[in-house]
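Good morning, and thank you for making time for this presentation. I shall go through one protein structure step by step, and I ask you to keep it in view as I speak.

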Amino acid sequence: MNVFTLFPSLVAKIKVEQHQELKKLLVPSLVKQYKDNPDLELPWARWANTWNINTNISGNLSFRKYIDEWMQHFNYPKINYDIAYWTNIHEWYHYQEVHTHMTNNTFLSGIYYAQFDKDDRPAEFINPKDQALTYTTEVLGKKLEHPFFQKYSTDTGLTIEEGDLLLFTPDCRHFVPSSKDKHDRLRITLSFNAHKIK
């Protein structure tokens, strides 16, 4: 029998070279904004229990280098693009429901973990076949014991540390669960969409 694993979900994990510099630049200012205005929420965040704000990043601290590496690796055409950044700050109980980034001519998205504790949980990407997996399990009355048919999301396998950057295509469905345990530290991520300029 020949088995073809067609149509993969592409996610890259990168260690950000300038993490310490970025963290020093971003985190104190963002924490102050959060403390001063704890109820801020961007209009699209109605399906989330989180705090978020648009964020400006430019120059040497931009993520353009990593985006360009992705584009070269996958033979994307040369295009003019811009990057829209925003920050999410989570207390231990915050979360984001399932969503994609399919908007505004976005061709690539990213999540940078600026401050991330061992009890925090990263974004989990959902297996595109999750409905088929659930249906098959119900039909057969048992979950199949093969790795292709077991993982509904990346809750095991995709480990994240502070300073990591995830790049992914905007169609990837993902969510952010609350922390494993109650704690007083803040989970701070900088997210972005790279979108073609018309």
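**Pockets, core and strands**

I begin with the lining of the largest pocket, which by class consists of 15 nonpolar, 8 polar and 2 charged residues. Please bear in mind throughout that this is a predicted model. The volume of this largest pocket is about 820 Å³. Of its 25 lining residues, Leu 6, Asn 127, Pro 128, Lys 129 and Phe 148 are the closest to the centre. Helix 3, residues 130-140, contributes the largest share of the lining, namely 3 residues.

I turn now to the second largest pocket, with a volume of about 530 Å³. Its lining has 26 residues, and those nearest the centre are Trp 44, Trp 86, His 99, Thr 100 and His 101. Which elements give two or more residues to this lining? They are strand 4, strand 5, strand 9 (174-176) and strand 10. By class, the lining of the second largest pocket divides into 12 nonpolar, 11 polar and 3 charged residues.

The structure holds 1 cavity of 30 Å³ or more, and the volume of the largest cavity is about 30 Å³. The residues that line it are Ala 132, Leu 133, Thr 136, Thr 137, Leu 144 and Phe 149. By class, 4 of these lining residues are nonpolar, 2 are polar and none is charged.

As a general background, nonpolar side chains in soluble globular proteins tend to be buried together. In this model the largest nonpolar core has 31 residues, and the members that touch the most others are Leu 22, Phe 63, Ile 67, Tyr 112, Leu 165, Leu 167 and Phe 192. At least two core residues come from each of helix 1 (19-36), strand 3 (51-55), helix 2 (64-73), strand 4 (81-90), strand 6 (106-115), strand 8 (164-168) and strand 10 (187-196). Helix 1 gives the most, with 5 residues. A second, separate core has 10 residues, among them Phe 116, Leu 166, Cys 172 and Val 176.

What is Tyr 112 in contact with, leaving aside its neighbours within four places in sequence? Its contacts include Val 16, His 19, Leu 22, Lys 23 and Leu 26, as well as Phe 63. Further along the sequence, Tyr 112 also contacts Gly 163, Asp 164, Leu 165, Ile 188, Thr 189 and Leu 190.

This brings us to strand 6 and its partners. Strand 6 pairs with strand 10 in the antiparallel sense, over 8 bridges, and Thr 189 in strand 10 is the bridge partner of Tyr 113. Strand 6 also pairs with strand 8, again in the antiparallel sense, over 4 bridges. There, Ser 109 has Phe 168 in strand 8 as its bridge partner.

Apart from neighbours within four places in sequence, Thr 189 is in contact with Trp 86, Thr 87, Asn 88, Ile 111, Tyr 112, Tyr 113 and Ala 114.

Four strands form it in the order 2-5-9-7, with antiparallel pairing. At the edges are strand 2 (48-49) and strand 7 (124-125), each of which pairs on one side only. Strand 2 is joined to strand 5, residues 95-99, by 2 bridges. In one of these pairings, Ala 48 has Gln 96 in strand 5 as its bridge partner.

Finally, I come to two backbone angles. Most residues other than glycine have a negative phi. Phe 7 is not a glycine, yet its phi is positive, at about 55 degrees. Phe 7 lies in the segment before strand 1 (11-15), and its relative accessibility is 73%, so Phe 7 counts as exposed. Asn 105 likewise has a positive phi, near 60 degrees. Asn 105 is placed in the loop between strand 5 and strand 6 and is partly exposed, with a relative accessible area of 39%.

Thank you for your attention.

Key:
Residues are numbered from 1 along each chain as its sequence is written. This is a predicted model: local features need pLDDT of at least 70, side-chain atom pairs count only at pLDDT 80 or more; totals for chains, interfaces and linings use all residues. Side-chain values use heavy atoms; hydrogens and water are left out. Two strands pair if DSSP finds at least two bridges between them. A nonpolar core is a set of buried Ala, Val, Leu, Ile, Met, Phe, Trp, Tyr and Cys residues joined through side-chain atoms within 4.5 Å. Buried means under 20% relative accessible area, exposed over 50%, partly exposed in between (1.4 Å probe, protein chains only). Contact means heavy atoms within 4.5 Å. On a 1 Å grid over the protein atoms alone, a cavity is a set of points where a 1.4 Å probe fits but cannot get out, and a pocket is an open set with protein on both sides within 12 Å along at least five of seven lines; lining residues have an atom within 4 Å of a point. Grid points are joined across faces, edges and corners, and a volume is the space filled by probe spheres set on the points. Ala, Val, Leu, Ile, Met, Phe, Trp, Tyr, Cys and Pro count as nonpolar, Asp, Glu, Lys and Arg as charged, and the others, Gly among them, as polar.
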